[in-house]
Amino acid sequence: MYVPAAVLFGIFVFYPLLSGVRISFTDWNGYSQHFSYVGFDNYRRLFADANIRTAFINTLIYGIGSTIIQNVWGLLYALLLNRKFAGRTFTRAAVYLPVMISGLIMGYIWYFMLQYSAGAINDVMTLLGLPRVDWLADNHRAVGFILFITSLQYVGQAMIIYLAGLQSIPQAYYEAAQIDGVRVWSKFRHITLPLLSPAIITNVTLKLIGGLQLFDLVMALTAGGPGLSTHSLSTMINYLYFVSQNAGYSATLGIALFVFIMALTIMVNRVLYRKEVEH
Amino acid sequence: MFKGLRPATLMLLFIALALVVAACGSNNGADNAASGSPAVSPSAAATAAQPSSPSPAPSEPVTLEYATNASGGTLNAIKAIAASFNAANGQNITVEVADLGKDFNTQMTARMANNDLPDLFSTGGWAVRRFGEYELPLNDRPWAAQLKNEIKSVVTDTAGNIVALPMDIDISGMVYNNALLQQLGIAVPETWEQFLAACEAIKKAGKTPVGIAGKDSGDVAGLIGRVALSLLIQSANSEKEAFKAGSFDWNKYAAVTDFVANLKSKGYLNADYLTADKPAVYAEFAKDNVAFAFQSNQTIAEVKKLNPNSDMSMMRIPVSDTTTQPFLISGERDSIGIWKDTKHPEAARAFVDYMARSENVKAIAETYSIPTALNGSEADLGDLQAAFNKFQDASVSNHFDREYLPNGMYSVIGTTSQGFLSDTMDAAAVIKTMSDEFARLTKNG
Amino acid sequence: MRRRMRQFGLPVLGLAIACLHLIPLYIVVSVSFKRMTDLSSRWHFPNYFYFGQFHDALADGRLFKAFGNTLTIMAVTAVLLVLIGSLSAYPLARIRSRFNRIWMSVVLGVMMVPTLSVIVPLYGTLQQFGAINTFWGIIAVLTAFNLPLCIFLYANFIRSIPRELDEAAKVDGCGHYRLFYTIVLPQLKPVTAAVLILKGLKVWNDYEFPLYFLQKPDNMTITLAISRFFSDTSSNFGAASAAAVLAVVPVIAAFLALQKYFVAGLTDGAVK
């Protein structure tokens with residue numbers, strides 16, 4: 001029963017990963033048939049490289065930032081949209097809709113919204129009598145936008161999972177609490193949150209792994225620019241390989257990213273599981 | 001418990017539909033896989049022994065893949081040529097044009113890495129330096145003798161093999177909006193002093209002096225390449241020899257960064273210089289809002305599409321003193337190469353020969369408004385003919401990065417310059433990166 | 001007073017939220033119906049009917065082909081994910097052993113491998129199999145990389161199914177595989193629905209794998225086809241928007257039809 005999955009993983013995931021390790025010890029430029037081994041040079045360079053550091057920080061922002069934002073925001077939406085009111089289903093569908101659009105396309109749409117001369121946002125600025133702004137020109141602002149856009153797009157995903165979680169909490173608990181005169185915040189802390197733990201763990205794990213690998217949106221929106229300042233580690237890997245012609249170094253970064261994601265996810269999971277057990 | 005059979009039926013319908021489409025799709029898939037996939041090829045040895053006569057039509061149907069990064073008018077011209085070739089050959093040879101657009105570089109790199117190239121591909125300026133190890137020599141082709149001298153050396157490698165068919169020669173300098181300059185009574189500048197004065201006048205008149213597509217690292221590299229050529233090579237203290245010897249003192253590169261910083265601080269650049277792409281700059285030219293751009297003549301053709309009444313022309317690149325002449329850049333633009341391990345070398349050669357016909361070469365060159373690469377075929381350059389005639393004896397240089405820098409520096413120029421423009425890299429960081437990458441790529445290439 | 005707030009306040013809030021999230025979609029739809037020469041603000045919905053952009057988008061027939069390709073790839077991958085995912089999850093859910101714990105970590109590890117890190121060696125592997133530009137090549141890769149999540153969802157769900165049924169079937173002399181496919185799988189419908197929707201969506205919108213492995217124009221998927229509208233020298237936002245609208249509509253339709261099962265599947269699979 002393990003065989004099909006094991007075969008697929010072996011051939012398509014682990015074998016290429018090992019190849020990647022091998023490449024990381026070379027100075028291969030990515031397209032020639034010749035290269036030579038350089039030992040740990042690439043790894044040494046990785047830790048001293050300022051551009052990598054920027055990409056790393058960006059990745060943390062995109063990954064951890066979007067995980068926190070989307071989970072809190074998604075939970076708030078779920079709490080709100082769990083109540084009965086007119087138009088609830090419509091709102092739910094509207095919030096989830098962006099999830100169904102590809103990240104690449106969303107990036108293009110927002111690029112055209114943030115353009116200087118014909119962008120939708122600048123039209124609003126003009127309407128309000130404010131000067132036009134070249135939104136993506138400032139790298140800090142651009143990173144902020146990337147974070148905002150990816151969160152806005154995928155918050156629906158978190159919301160749906162939290163909704164499902166909320167709906168599976170038996171009403172009986174709440175009714176009992178009501179009778180005991182427990183206040184709203186306490187209800188939340190002692191009933192809702194603990195029973196939502198599996199949903200929280202799922203959401204956080206998924207989002208963390210996905211967010212740390214952010215690629216499509218960054219490529220479409222800024223392509224890592226201006227300069228190299230908004231790159232995520234994934235887009236940087238792509239850049240190093242195909243644009244900078246430094247495949248060896250790119251592979252090094254690839255391995256480093258994998259190890260980092262693994263370490264961070266395991267750590268976060270441990271913390272969350274401990275909290276779940278406590279409850 | 002599960003009431004509706006409906007979702008299950010829906011799924012089944014989906015899958016059935018998919019399988020039907022797959023049946024149609026996989027026929028193509030099978031054919032393409034056969035023609036596209038490589039093998040360790042014994043055919044390489046056989047190819048070398050081929051006679052050099054024009055190739056006869058192959059006996060069984062052959063499909064060739066032709067990957068290109070051409071876009072816009074050029075792509076249409078290529079597709080038209082391929083279509084007429086296919087028609088002329090009946091069922092025997094079919095050339096499929098794969099326009100990879102901006103993914104061209106990425107995909108070609110992946111394919112080269114795995115020694116699995118398309119049968120035919122555009123080499124866009126890098127026939128020798130990048131694709132050299134993968135191309136079939138073409139010295140024996142009938143058109144080889146007709147190559148114009150200035151382009152012949154560009155597509156010939158160190159062993160004397162002609163590795164690609166160039167279709168046009170990219171002669172360019174800078175482009176400018178003639179209508180705007182005339183309106184403001186400004187003469188075409190020949191020195192940087194005159195250029196900066198012109199910029200000041202244009203800015204005072206409320207227009208944009210220089211348009212840069214900062215989002216496009218290629219465009220920024222184009223700017224830097226021209227400035228570098230002017231300040232470092234075509235200048236009184238030329239560093240030509242230093243570059244060739246690999247001993248260039250990169251601290252002198254500060255001249256280039258200073259020039260750019262100056263343009264920026266004096267406000268001569270377009271307001272969205274960091275995030276505009278080329279189409280955005282073309283649009284501003286079409287509205288006569290911009291005067292100069294450090295771009296090739298393709299800009300002129302593209303602006304004409306947006307505004308048929310546009311009056312744009314090309315100028316030579318200015319220099320910093322009067323001891324040297326303003327100059328033009330000349331190099332490879334559109335070329336086509338054959339993969340040396342292709343399964344269908346005869347068919348591929350047949351197509352390349354077809355490409356080399358004068359009417360085809362002319363068609364492609366005209367989409368950029370530049371001259372053809374073969375003698376006996378002249379492109380109709382329209383309004384630019386006068387300009388080309390005027391500059392016939394102008395001093396000419398190859399692209400900065402293609403002539404003086406190792407393969408791969410083009411992207412470094414682009415990103416360091418973008419970093420510099422956006423203040424995320426200072427001049428010292430730019431110099432260090434350029435210097436380090438120069439050393440690494442020289443060793444590698 | 002409180003009730004009035006709930007009666008009006010919440011719907012208004014809901015509407016505001018919906019509008020916020022629908023803005024990008026509104027802009028795309030609005031641009032897709034405009035003429036190329038119409039340079040009015042992107043907020044203005046055209047006051048005329050113009051289908052030219054859609055015509056251009058479909059013009060060289062590529063979008064149709066891309067639709068077909070994406071549909072095929074998605075359908076086959078989804079089916080494989082369901083079959084292999086549930087099969088692999090079964091022993092994980094039923095048997096507690098050290099081996100299984102390690103296997104679980106391996107599965108989780110696969111999820112953490114960034115696609116970019118392995119893409120070029122993966123190209124080499126596929127090329128050795130002659131799988132570049134073929135459907136089965138990309139289906140295999142998509143299946144491999146999307147399996148872990150499916151395995152987790154299934155394992156979670158199976159744990160909540162009483163073992164008694166398994167025991168009963170075994171007594172009747174059912175072999176393992178038959179047991180699985182006739183007794184267990186039918187009960188997994190909610191999770192299957194969730195898997196089909198979540199992963200179907202992911203495969204439909206995937207960009208990285210088709211970019212490297214499906215280069216022939218005939219084999220492109222939708223997202224790749226749309227990215228071709230943007231090149232160095234021209235940004236045909238109108239046609240690209242039309243294509244994007246066409247790409248999203250079937251997804252939305254499918255989602256609306258299958259909503260119920262999706263939430264049910266997530267409830268039972270992801271949050272228990």
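User: Which residues form one aromatic cluster with B:F243?

Analyst: In this predicted model, the cluster holds B:F243, B:F248, B:W250, B:Y253, B:F400, B:Y404 and B:F438.

User: How is a pair of aromatic rings described?

Analyst: A pair of aromatic rings is described by two values, the distance of the centres and the angle of the planes. Over all chains, the structure holds 42 aromatic pairs. In one of them, the ring centres of A:F25 and A:Y43 are 5.5 Å apart and the planes stand at 45 degrees, so this pair is tilted. The pair links distant parts of chain A, 18 residues apart: A:F25 belongs to the loop between α1 (3–24) and α2 (41–48), whereas A:Y43 belongs to helix α2.

User: What kind of pair do B:F243 and B:F400 form?

Analyst: Their pair is edge-to-face, with 5.6 Å from centre to centre and 90 degrees between the planes. B:F243 lies in helix α9 (residues 240–245) of chain B and B:F400 in helix α16 (residues 400–404) of chain B, so the pair ties together parts 157 residues apart in sequence. B:F243 is buried at 3% relative accessibility, and B:F400 is buried at 1%.

Notes
Residues are numbered from 1 along each chain as its sequence is written. Chains are lettered from A and ligands numbered from 1 in the order in which they are written. This is a predicted model: local features need pLDDT of at least 70, side-chain atom pairs count only at pLDDT 80 or more; totals for chains, interfaces and linings use all residues. Side-chain values use heavy atoms; hydrogens and water are left out. Rings of Phe, Tyr and Trp (its six-membered ring) pair if their centres lie within 6.5 Å; planes under 30 degrees apart count as stacked, over 60 as edge-to-face and the rest as tilted. Helices (H or I, at least four residues) and strands (E, at least two) are DSSP runs, numbered from the N terminus. Buried means under 20% relative accessible area, exposed over 50%, partly exposed in between (1.4 Å probe, protein chains only).
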